[in-house]
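Please find below a short briefing on a single chain.

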Amino acid sequence: MNEAILVWDTTTIPNGTYFVKIVASDAPSNPMSTALAGELDSVAFEVDNTPPTISVTNVRVVSGRTYITFDVKDDHSPIRGVEFSQDGQRWRSVFPVDGIADSRAEHYELPVDGELGERGLTLRASDSMNNVSTTHVDSPLRRR
């Protein structure tokens, strides 16, 4: 027996908590006396298609070290993690000021040895539903 597989593209619906109800009947193919019907409710599930936002609030150089202050927020899901990459090199984790990424709004203060290079730095944030956003940070010396 082949089981039917139904696929629902949830990118077309708003973020939120959803339930699905399936109702089936074989009445159109059978006499009323033998027709069967049934229904099944799903457990609650979350739909979140919106990536977190990254807001850089300050970039400063103090004693040859660059400090980047930024906030990461998500409208629906907790922040799962933040990483940074300098000059396209490997990604390294950044932890929020409170020590753990577990809420929908997190504050970060990232110290980087030296001044940012010509290509700056890239921040990447993801939420618990695997939505990802990035932003670029230039050296404050290049902004002048």
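Of the contacts in the chain with a separation of 6 or more, 59% are between residues 24 or more positions apart, a contact being heavy atoms within 4.5 Å. The model is predicted, so local features need pLDDT of at least 70 and side-chain atom pairs count only at pLDDT 80 or more, while totals for chains, interfaces and linings use all residues. Residues are numbered from 1 along each chain as its sequence is written, and side-chain values use heavy atoms, with hydrogens and water left out.

**Fold and overall form**
- The chain holds 1 helix and 11 strands; helices (H or I, at least four residues) and strands (E, at least two) are DSSP runs, numbered from the N terminus.
- From the N terminus on, the order of elements is β-β-β-β-β-β-β-β-β-β-β-α.
- The chain is more spread out than a compact globule, because its radius of gyration is 24 Å, well over the 15 Å that the globule rule gives for 144 residues. The radius is taken over C-alpha atoms, and the rule is 2.2 Å times the number of residues to the power 0.38.
- Along the principal axes, the C-alpha atoms fill a box of roughly 85 × 25 × 25 Å.

**Burial and surface**
- Buried residues make up 26% of the 144 in the chain; buried means under 20% relative accessible area, exposed over 50%, and partly exposed in between (1.4 Å probe, protein chains only).
- The accessible surface of the chain is about 9800 Å², and carbon and sulfur atoms account for 51% of this area. Accessible areas come from the Shrake-Rupley method with a 1.4 Å probe, and for residues only the protein chains shown count as cover.
- A nonpolar surface patch is formed by Leu-6, Ile-22 and Leu-40, which together have about 350 Å² of accessible area.
- Leu-6 lies in the segment before strand 1 (16–18) and counts as exposed because its relative accessible area is 73%.

**Aromatic pairs**
- There are 4 aromatic pairs, in which rings of Phe, Tyr and Trp (its six-membered ring) have centres within 6.5 Å; planes under 30 degrees apart count as stacked, over 60 as edge-to-face and the rest as tilted.
- Trp-8 and Tyr-18 form an edge-to-face pair, with 6.2 Å centre to centre and 90° between the planes.
- This pair links distant parts of the chain, 10 residues apart: Trp-8 is in the segment before strand 1 and Tyr-18 in strand 1.
- Trp-8 is partly exposed, at 43% relative accessibility, and Tyr-18 is partly exposed at 21%.
- Ring pairs join Trp-8, Tyr-18 and Phe-45 into a cluster.

Note on methods. Patches are made of residues with over 30% relative accessible area and no salt bridge: like charges are joined within 9 Å, nonpolar side chains (Val, Leu, Ile, Met, Phe, Trp, Tyr) within 5 Å. A salt bridge is a side-chain nitrogen of Lys or Arg within 4 Å of a carboxyl oxygen of Asp or Glu.
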